Amino acid sequence: RARSEWLRSLGVNQQRMAAVEAIGFVVARAEIDFRLGARLDDLLTVSVKPVEVKRSYLWLEQEARLPDARLCASARIQAACV
């Protein structure tokens, strides 16, 4: 959801892209480091930061944190445009 909300904040309407232009994004690769467990109903803050943008894919760095800022997980995600 964080990646979808990030795209929405940039003005990207993924439903319109899929319907009109037949373009979408899929996770092609994920590298995740789990550090600390979260529990059901924990309110997490998830950040998304683009680190490399190419013509057909992009690399994103993401972090999931607890309200006290402790890091639960960090990830590098490659999203491919299809």
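**Notes on charged pairs and one serine**

1. Let's begin with Lys49, which is partly exposed, with a relative accessible area of 49%. As for the terms, buried means under 20% relative accessible area, exposed means over 50%, and partly exposed is what falls in between (1.4 Å probe, protein chains only).

2. Before going on, please keep in mind that this is a predicted model, in which local features need pLDDT of at least 70, side-chain atom pairs count only at pLDDT 80 or more, and totals for chains, interfaces and linings use all residues. Residues are numbered from 1 along each chain as its sequence is written, and side-chain values use heavy atoms, with hydrogens and water left out.

3. Which residue pairs with Lys49 in a salt bridge? The partner is Glu61, and the closest N and O atoms are 3.9 Å apart. A salt bridge is a side-chain nitrogen of Lys or Arg within 4 Å of a carboxyl oxygen of Asp or Glu. Glu61 lies in strand β3 (residues 57-65) and Lys49 in strand β2 (residues 45-53), so this pair ties together parts that are twelve residues apart in sequence. Strands here are DSSP runs (E, at least two residues), numbered from the N terminus. Glu61 counts as partly exposed, at 32% relative accessibility.

4. How many salt bridges does the structure hold? There are ten. One of them joins Lys54 and Glu52, with 3.9 Å from N to O. Lys54 is partly exposed at 44% relative accessible area, and Glu52 is partly exposed at 30%.

5. Arg29 and Glu31 also form a salt bridge, and their closest N and O atoms are 3.0 Å apart. Arg29 is partly exposed, with a relative accessible area of 46%, while Glu31 is partly exposed at 33%. Elsewhere, Arg1, Glu5 and Arg8 are linked in a network of salt bridges.

6. Now please look at Ser74: is this residue buried or exposed? Ser74 is buried, with a relative accessible area of 14%, and its place is in strand β4 (residues 71-81). Leaving aside residues up to four places away in sequence, Ser74 touches Glu31, Ile32, Asp33, Arg35, Gln62 and Glu63. Contact here means heavy atoms within 4.5 Å.

Technical notes. Helices (H or I, at least four residues) and strands (E, at least two) are DSSP runs, numbered from the N terminus.
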